[in-house]
Amino acid sequence: MDLSLKYTFLEVDDHEAALAFYRDALGFEVRQDVSMEGARWLTVGPPAQPELGIVLQTAGVARPDDDARALRELLAKGSLSGLVLETDSVDETFESIRATGAEVLQEPMDQPYGTRDCAFRDPAGNQVRINQRAKA
């Protein structure tokens, strides 16, 4: 069996703010922008991975009202999942992203499990961790 990841989804509450973070701060490409009936799906991705789409979808879209409300509450608290990205230089990447005004959760540090990483929060509250790529 040969499987690969095509799309992953993140809930967002403000697509323009999300676009400023993912496009302008992280340098992702905008791949698709679809609006319909009170919802928006904005697909972005790293230039080096054209096959991968990160879909920034309207928080709570296509869910029952109670579920959508609970999801938006969790998003507001920063309690939902996020992304883990990889780079050749965590320190340089951190400084570049921090310079955009992005919310810092953790400055670069060596973790006890063997990686060097840092973390930011996107404007919706999703955590974005960035790991140092292992040297070959």
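Two strands count as paired where DSSP finds at least two bridges between them. Helices (H or I, at least four residues) and strands (E, at least two) are DSSP runs numbered from the N terminus. All views show a predicted model, with residues numbered from 1 along each chain as its sequence is written. Local features need pLDDT of at least 70 and side-chain atom pairs count only at pLDDT 80 or more, while totals for chains, interfaces and linings use all residues; side-chain values use heavy atoms, with hydrogens and water left out.

**View 1. The β2-β3 hairpin and its turn.** β2 and β3 form a hairpin in which 2 residues lie between the strands. Strand β3 spans residues 39-45 and pairs with β2 in the antiparallel sense, over 7 bridges. Two cross-strand positions can be followed in this view: V30 has V44 in β3 as its bridge partner, and V34 stands opposite W41 in β3. E37 lies in the loop that joins β2 to β3. The phi of E37 is positive, near 40°, in a residue other than glycine. Most residues other than glycine have a negative phi. E37 counts as exposed because its relative accessibility is 82% (exposed, over 50%; buried, under 20%; partly exposed, in between; 1.4 Å probe, protein chains only).

**View 2. The sheet that holds β1 to β4.** This open sheet has 4 strands in the order β1-β4-β3-β2, and its pairing is mixed. Its edges are formed by β1 (7-12) and β2 (29-36); each has a single partner strand, so one side of each is left without a neighbour in the sheet. Strands of a sheet pair through backbone hydrogen bonds, either parallel or antiparallel.

**View 3. The loop between β4 and α2.** A62 sits in the loop that runs between β4 (53-58) and α2. A62 has a positive phi, near 60°, and is a residue other than glycine. With a relative accessible area of 81%, A62 is exposed.

**View 4. Aromatic rings around F21 and Y22.** Ring pairs link F21, Y22 and F28 into a cluster.

**View 5. The largest pocket.** About 380 Å³ of space lies in the largest pocket. Of the 18 residues in its lining, those closest to the pocket centre are F28, P46, L85, E86 and T87. A pocket here is an open set of points on a 1 Å grid over the protein atoms alone where a 1.4 Å probe fits, with protein on both sides within 12 Å along at least five of seven lines, and lining residues have an atom within 4 Å of a point. Grid points are joined across faces, edges and corners, and the volume is the space filled by probe spheres set on the points. β5 (83-87) and α3 (90-98) each supply at least two residues of the lining. The greatest contribution comes from β5, with 4 residues. By class, the lining divides into 10 nonpolar, 5 polar and 3 charged residues (nonpolar: Ala, Val, Leu, Ile, Met, Phe, Trp, Tyr, Cys and Pro; charged: Asp, Glu, Lys and Arg; polar: the others, Gly among them).

**View 6. The sheet that holds β5 to β8.** The 4 strands of this open sheet follow the order β5-β8-β7-β6, with mixed pairing. β5 and β6 (103-110) stand at the edges, and each has a single partner strand, so one side of each is left without a neighbour in the sheet. Between β6 and strand β7 (residues 116-121) there are 5 bridges, and the two strands run antiparallel. Within this pairing, V104 has F120 in β7 as its bridge partner.

View 7. G78 is placed in the loop between α2 (65-77) and β5. G78 counts as partly exposed, with a relative accessibility of 24%. I97 is 19 residues from G78 along the chain, and the C-alpha atoms of the two are separated by 19 Å.

Conventions
Phe/Tyr/Trp six-rings, centres within 6.5 Å; stacked < 30°, edge-to-face > 60°.
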